Number of protein chains: 2
Amino acid sequence: TRRSRRPSLSPDFVEALRAVVGAPNVSTATAVREQHGHDESMHPCAPPDVVVWPQAVGQVQELAALCHRCRVPMVPFGTGTGLEGGVNAVQGGVCFDLSRMDAIAELSLEDFSVTVEPGVTRKALNKHLRGTGLWFPVDPGADASLCGMAATGASGTNAVRYGTMRPNVLNLRVVLPDGRLLHTAGPRRQPRKRAAGYDLTSLFVGSEGTLGFLTQATLRLHPLPEATAVTVASFPSVGAAVACTVQVLQAAVPVARIEFLDEVMADACGRFSQMELPAAATLLLELHGSRRSLAEQQQQMEEIVQQNSGSSLAWAEGLDEREQLWSMRHNAWYAALALRPGCQGYSTDVCVPISRLPDVVVETKQDLQASGLTGPMVGHVGDGNFHCILVFNSQDPDEAQRIHAFTQRLGRRALAAGGTCTGEHGVGLGKRALLQEELGQEGLDTLRSIKAALDPHNLMNPGKVL
Amino acid sequence: TRRSRRPSLSPDFVEALRAVVGAPNVSTATAVREQHGHDESMHPCAPPDVVVWPQAVGQVQELAALCHRCRVPMVPFGTGTGLEGGVNAVQGGVCFDLSRMDAIAELSLEDFSVTVEPGVTRKALNKHLRGTGLWFPVDPGADASLCGMAATGASGTNAVRYGTMRPNVLNLRVVLPDGRLLHTAGPRRQPRKRAAGYDLTSLFVGSEGTLGFLTQATLRLHPLPEATAVTVASFPSVGAAVACTVQVLQAAVPVARIEFLDEVMADACGRFSQMELPAAATLLLELHGSRRSLAEQQQQMEEIVQQNSGSSLAWAEGLDEREQLWSMRHNAWYAALALRPGCQGYSTDVCVPISRLPDVVVETKQDLQASGLTGPMVGHVGDGNFHCILVFNSQDPDEAQRIHAFTQRLGRRALAAGGTCTGEHGVGLGKRALLQEELGQEGLDTLRSIKAALDPHNLMNPGKVL
């Protein structure tokens, strides 16, 4: 039935695509299609039939209208750094690689806002902002495109203080599946708040390419902190590290980052980055503020860590020293892979209410052990979100099966604890069954009726989320 | 055609309502219907045909299913403190007064969360939270119900620091128009963040009762500040007051409230509350923090106010003194009405990017003068949101016409400045034409297709928003 879904993917259709964007911006080469048919996920590659590189929003509209008329599936592509198979063209069709639309416009220092096209990554934006005193804090680790981060509902280490993508997107310019142009907050608008009709911006953030193409995002910027300090604390148990986190939040310490590593991950990270890090439940903490407020935050933090039997704190305040600590954290993925050279990695992504985090983490560690799996943990513990970086031999069917069973159990454990199967990576291909359990039939039916209303022919990134 | 929309509003239908909730919880008395047919708005009363008081969510579901079967319009009612005609039963039908469902459940101090039914107001919740060290900060002025605040997308004075309703709602239990029960984040779930499918919570926040009944809200709580300080500063111009605000935000002073009063309002508030307040552009500022961080914030604030030619600051730190200052601000509505005794009030609600605020405010003041209207201004200036409290004689058709023309011009002025026609009061009955201009045809069509998908018979609060 795949063939029946794209009756028009003929030479004429490809010629029509070329007429819109020019022949050099259309490719049917196998290598190119395979590059675009999978992201950094463990899902097998599903290449599109053709890849196009539109250069302007009008071209995206024309291409979408063409695909819409011919009922050809469309898959948006940013940097391919997603983790849940979001760019896999499971029904074939046209991959829209938007990376060549990379303008940064309308930077307003007074309004703390900027507008970016899909080719702009978070690092490119922050480089552009250098010297302005402003920055964009959402940091999912990878140097993802900002529109892709909006599409996924990304967050990461700074979310506990600065929020996820959703509150940091003021407006989106969307090409709808039939080629019409929608501005989710109205054309050229960017008030800091609004109560004017349903919140379309929040609807498209996290829609994973299933409702339309995000061809521009207006983002909320934040003032750069005057001073920053980073520290590491070891704890006797997961429970102590989480109790410390809750007390930090209750004391209203405006912590910028509070990252958890379990003892396996702390050990792996220390060895990988050649730093001394005890094999213990660990928190990596970052504080932002004026110099004076930083001193107070540091003192509060020291007291709370001590109350929870944490190690004494040494503070890194210089840029190099801080970056060294964070590169250790950002290399957690590679540190985990180094535990079993030649193996593949997959990151789980559950998020639970913080009160349930110690139990869920401890049960998950027991499950890993009972399953004979390697899966060191890192977590955005201030949000209750943690990842097991599973390292496994994908050529071993038995181990692959155990990995699958483990991730299903972990998802259900999070659901039973009042949490979600995905805090920040999205549903993509692999979590659709869990999503149904999470939302219930009425929830899923509601999502489906919204999808059917906005994409009645199911052409936008079909097979994902729903 | 009104009659044709409710063919079943017969004695039998009313009897069927009584069978669900018991006869004492159904009223067709004129006085009761009229009480429920308008909120604190300037729209004329449009009474429902009948008012029901369900006592439990199952009853709301049964009543909705009954109305749905008979195609009878349904209007949700909380406290009636809305400002845009949201509860007016313009097509008649059944008003669901949800105030008797008033349970507060599942308070979790570790998770900073609580679950409330529609009868719980923000003051009742904060009273319930006394002694816990937590509070719910969103404060629209009126003691509105929290589910009503969610329905409107309310915000108010604390939003600049704590956000509007949207980021403070974790989950909503919704009765859909046909009586099915939806939990927007899944049943019994409350992770602090999630990336699991379209964000239904954000869709229902601000839906103004047009998509379903909000019968329960799970809210995010915040730690109470250790110390609080309030001050008032006078400025030589609107521009100076706004420039001061921008610098406060750029300096990352975590200001909790930053409220603007124009010289007319400052004068009226001072006289109404018998306090000395110069007739000048004024900022009313509140800071939250630990004692030490408060001292630093106060010093930063003093420097920035001085740089912008503001008056020297005296700080109110005791509860009584602070409440006195805020009661002056909260009485702004009555202070405005006192300018023309016997007249009616109406509050406008535009919100613009902060960089455009001085121009928009100055042009609006000129417009008021040229139109011969009284409309002192208050504003949540940190968000770019301001209100003209128009005081007018509604019996004078000429003045009523000038009021209407002025509010339309003000809405269009905000739109031209990249803003919105409503920052926090909602669209309701009166801003539907402006909403179309704000979103454009594609935006409005998208809202309509969502409405049609979730409420195909247009039974939920018909005539509002769209």
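Two strands are taken to pair if DSSP finds at least two bridges between them; strands (E, at least two residues) and helices (H or I, at least four) are DSSP runs numbered from the N terminus. The model is predicted, so local features need pLDDT of at least 70 and side-chain atom pairs count only at pLDDT 80 or more, while totals for chains, interfaces and linings use all residues. Residues are numbered from 1 along each chain as its sequence is written, chains are lettered from A in the order in which they are written, and side-chain values use heavy atoms, without hydrogens and water.

In chain B, strand 8 (residues 169-175) and strand 9 (residues 181-183) run antiparallel and are joined by 3 bridges. The two form a hairpin with 5 residues between them, and B:Gly179 in the turn has a positive phi of about 100°. Strand 8 also pairs with strand 10 (residues 213-220) of chain B, antiparallel, over 6 bridges. B:Val175 is opposite B:Leu181 in strand 9 and B:Phe213 in strand 10. Of the 7 residues of strand 8 of chain B, 7 are buried (under 20% relative accessible area, 1.4 Å probe, protein chains only).

Helix 11 (residues 291-307) of chain A packs against helix 11 (residues 291-307) of chain B at about 170°, with the axes 10 Å apart. The two helices are therefore roughly antiparallel (angles over 145 degrees).

The count of disulfides (cysteine sulfur atoms within 2.5 Å) over all chains is 0. The sulfur of A:Cys351 lies 11 Å from the closest cysteine sulfur, that of A:Cys421, too far for a bond.

Methods: Axes are lines fitted to C-alpha atoms, for helices over the stretch in contact, and angles run from 0 to 180 degrees between N-to-C directions. Angles under 35 degrees count as roughly parallel, over 145 as roughly antiparallel, 65 to 115 as roughly perpendicular and the rest as oblique. Buried means under 20% relative accessible area, exposed over 50%, partly exposed in between (1.4 Å probe, protein chains only).
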